[in-house]
Amino acid sequence: MKKIIITILLSAGLFSSCADLEVTPTSFVTEDKFFNTQDDAIASINAAYASLSLDPGEQSLFGRNLYFLTDMGSDYAAAGVSATNPQVRAMSSLTHDATNDRVQVAWRQIYAGINRANVSIDNIPKVVGNEVIKTRLINEAKFLRGLLYFQAVRIWGGVPIVLHEPTSIQLESLKSRRETVDAVYTQIISDLNAAENLPATYPASDAGRATSGAAKAILTKVYLTRKDYPNAILKAREVINGGYGYALFENFQDIFTKSKKNGKEHIFSVQFEQNQAGNGSSGNNFQATSFTGFTATEPADIISDVAQFYDIYAAGDVRRDVSYAKTLPIPGTANIYTFPKPIFKKYLDLTNLATPGNVAINFPLIRYADILLSLAEAINEQGAPTPEAYELINQIRRRAFAKPINTPDPTIDLAGLNQVTFRAAIQEERKKEFVQEGQRWFDLVRWGTLVTEVKKVTAKNSVSARNNLYPIPQSERNIDPVGLPQNPGY
């Protein structure tokens with residue numbers, strides 16, 4: 001799907017930030033001229049997927065920009081000295097406000113993706129006669145729209161629900177008011193329910209497309225976030241028992257190995273290729289911001305507190321040295337370089353450290369380990385851990401210590417916990433398992449522990465209850481301050 005990347009002019013975003021600018025378009029492709037064939041319809045879906053990984057001239061949504069909110073806005077990640085943008089440093093210290101450009105870009109990128117999905121949903125029926133292909137393409141678009149609204153509602157709370165492409169460039173027609181959180185979740189669930197009808201698998205040439213298993217996996221997280229534990233359990237078991245072939249990699253490192261992309265643990269990943277847009281800021285940019293070379297210079301993205309997040313791994317837990325690097329071999333030499341502070345490692349291409357641009361390592365948006373831990377958490381929240389819940393978390397732990405995943409091991413396995421201590425164990429495993437995978441801030445907010453946990457990091461002790469949401473970008477409120485009331489504290 002990465003072979004065809006198009007730009008649909010109407011997919012620039014939900015609102016225009018230049019309310020006073022009036023122009024008459026003189027040259028652009030309208031949907032009536034573009035949507036003529038089935039190939040056009042497929043290309044429009046490819047463009048919707050591309051909104052997750054490409055934004056020429058800007059860091060892409062899942063290639064790094066969302067990281068500022070979901071990781072740097074939590075406790076374990078911070079801005080290093082190489083992060084010179086004051087907006088980024090404000091995100092790191094949690095002193096950002098509604099004018100912060102990282103929040104504004106995230107809003108624009110999310111709604112650009114939503115609008116591309118809307119363009120596809122509105123126009124595909126006009127040009128695709130094959131009912132099977134038409135339904136599949138529309139459901140792919142609904143998956144992406146549901147996924148993006150799931151990001152938006154957790155970040156901002158109630159947001160505007162836009163389900164069709166704009167039909168006018170007049171300012172009044174572009175305004176759309178905030179809906180309730182419940183209304184947004186109703187739309188998300190509706191879109192993902194439709195996406196459950198997607199194929200279970202695709203041929204290798206279509207690797208990376210949304211599947212029915214991916215829709216069920218995201219629904220698991222939706223219901224878990226909503227504290228609808230019965231439905232979270234139902235959907236997680238459908239993922240596990242649905243015959244999809246999902247399983248944990250035996251080796252934790254394989255999750256982030258280029259040659260094992262879209263493997264058995266990857267339920268849905270954002271696809272990245274080396275320099276896929278010919279622009280160093282458009283792909284997966286984590287290597288360039290986590291590694292500045294074999295030097296003491298601090299990179300842009302750093303661990304906030306070594307004692308709290310690196311030293312916590314027990315001896316033998318392989319996740320530490322996959323997630324962080326204290327040392328690295330210098331290519332072409334027999335030398336080992338020791339960094340002053342561990343650097344983030346999951347997205348480093350160790351075969352190409354000499355050119356730390358955007359890399360071909362995918363972003364695992366949801367993987368099988370997340371479903372196992374989500375199911376264990378939902379079961380425990382129903383009253384107490386069960387043998388099933390213990391087995392789910394213990395599989396994660398055995399893999400972490402390079403033990404056979406399905407063989408009980410009394411030296412590794414948890415037992416004898418109550419609901420409170422099992423909950424704490426789940427939270428600890430997620431903290432160690434999902435470093436730099438866009439999970440931490442969402443987890444802390446969902447558990448109601450964001451302020452407590454982030455305050456443990458001295459540089460982030462300005463955190464307060466307001467940080468359980470991000471501000472509605474001021475540029476959007478300038479257009480419609482009545483329809484877009486600000487979140488508390490901003």
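Trainee: Are Y246 and Y368 buried or exposed?
Mentor: This model is predicted: local features need pLDDT of at least 70, side-chain atom pairs count only at pLDDT 80 or more, and totals for chains, interfaces and linings use all residues. Buried means under 20% relative accessible area, exposed means over 50%, and partly exposed lies in between, with a 1.4 Å probe and protein chains only. On that scale, Y246 and Y368 are both buried.

Trainee: How many aromatic pairs does the structure hold?
Mentor: Rings of Phe, Tyr and Trp (its six-membered ring) pair if their centres lie within 6.5 Å; planes under 30 degrees apart are stacked, over 60 edge-to-face, and the rest tilted. With that rule, the number of aromatic pairs in the structure is 28.

Trainee: How many residues apart in sequence are the parts that the pair of Y76 and F344 ties together?
Mentor: This pair is edge-to-face, with 6.0 Å from centre to centre and 85 degrees between the planes. Y76 is buried at 3% relative accessibility, and F344 is buried at 1%. Y76 sits in the loop between helix 3 (61–70) and strand 1 (77–79), and F344 in strand 5 (residues 336–344), so the parts tied together are apart in sequence by 268 residues.

Trainee: Which kind of pair do the rings of Y246 and Y368 form?
Mentor: Their centres are 6.4 Å apart and their planes stand at 40 degrees, so the pair is tilted. It links distant parts of the chain, 122 residues apart: Y246 is in the loop between helix 10 (229–241) and strand 2 (266–270), and Y368 is in helix 14 (residues 368–381). To come back to your question, the kind of pair is tilted.

Trainee: At what angle do helix 6 and helix 8 pack?
Mentor: Axes are lines fitted to C-alpha atoms, for helices over the stretch in contact, and angles run from 0 to 180 degrees between N-to-C directions. Helix 6 (residues 131–156) and helix 8 (residues 181–195) have their axes 8 Å apart, and they pack at an angle of about 150 degrees.

Trainee: Why is helix 6 described as roughly antiparallel to helix 8?
Mentor: Angles under 35 degrees count as roughly parallel, over 145 as roughly antiparallel, 65 to 115 as roughly perpendicular and the rest as oblique. Helix 6 is roughly antiparallel to helix 8 because of their packing angle, which is about 150 degrees.

Trainee: In which crossing does helix 6 pass helix 8?
Mentor: A crossing is left-handed if the near helix is turned anticlockwise from the far one by less than a right angle, and right-handed if clockwise. For helix 6 passing helix 8, the crossing is left-handed.

Trainee: How many nonpolar residues does the contact of helix 5 with helix 6 have?
Mentor: Ala, Val, Leu, Ile, Met, Phe, Trp, Tyr, Cys and Pro count as nonpolar, Asp, Glu, Lys and Arg as charged, and the others, Gly among them, as polar. Helix 5 (residues 101–127) and helix 6 cross at roughly 155 degrees, with axes that come within 9 Å, and are therefore roughly antiparallel. Their crossing is left-handed. Beside four polar and three charged residues, the number of nonpolar ones is 18.

Trainee: Which residues is S92 in contact with, leaving aside neighbours within four places in sequence?
Mentor: S92 is in helix 4 (residues 86–93), and its 9% relative accessibility makes it buried. Contact means heavy atoms within 4.5 Å. Beyond those sequence neighbours, S92 touches M72, A78, A79 and K460.

Trainee: Is A402 buried or exposed?
Mentor: A402 has a positive phi of about 55 degrees although it is not a glycine. It lies in the loop between helix 15 (387–400) and helix 16 (419–433). With 58% relative accessibility, A402 is exposed.

Trainee: What is the relative accessible area of Q436?
Mentor: Q436 is in the loop between helix 16 and helix 17 (440–447), with a positive phi near 60 degrees in a residue other than glycine. Q436 is buried, with a relative accessible area of 2%.

Methods: Residues numbered from 1 in each chain as written. Heavy atoms only, no water. Helix = DSSP H or I, 4+ residues; strand = E, 2+ residues; numbered from the N terminus.
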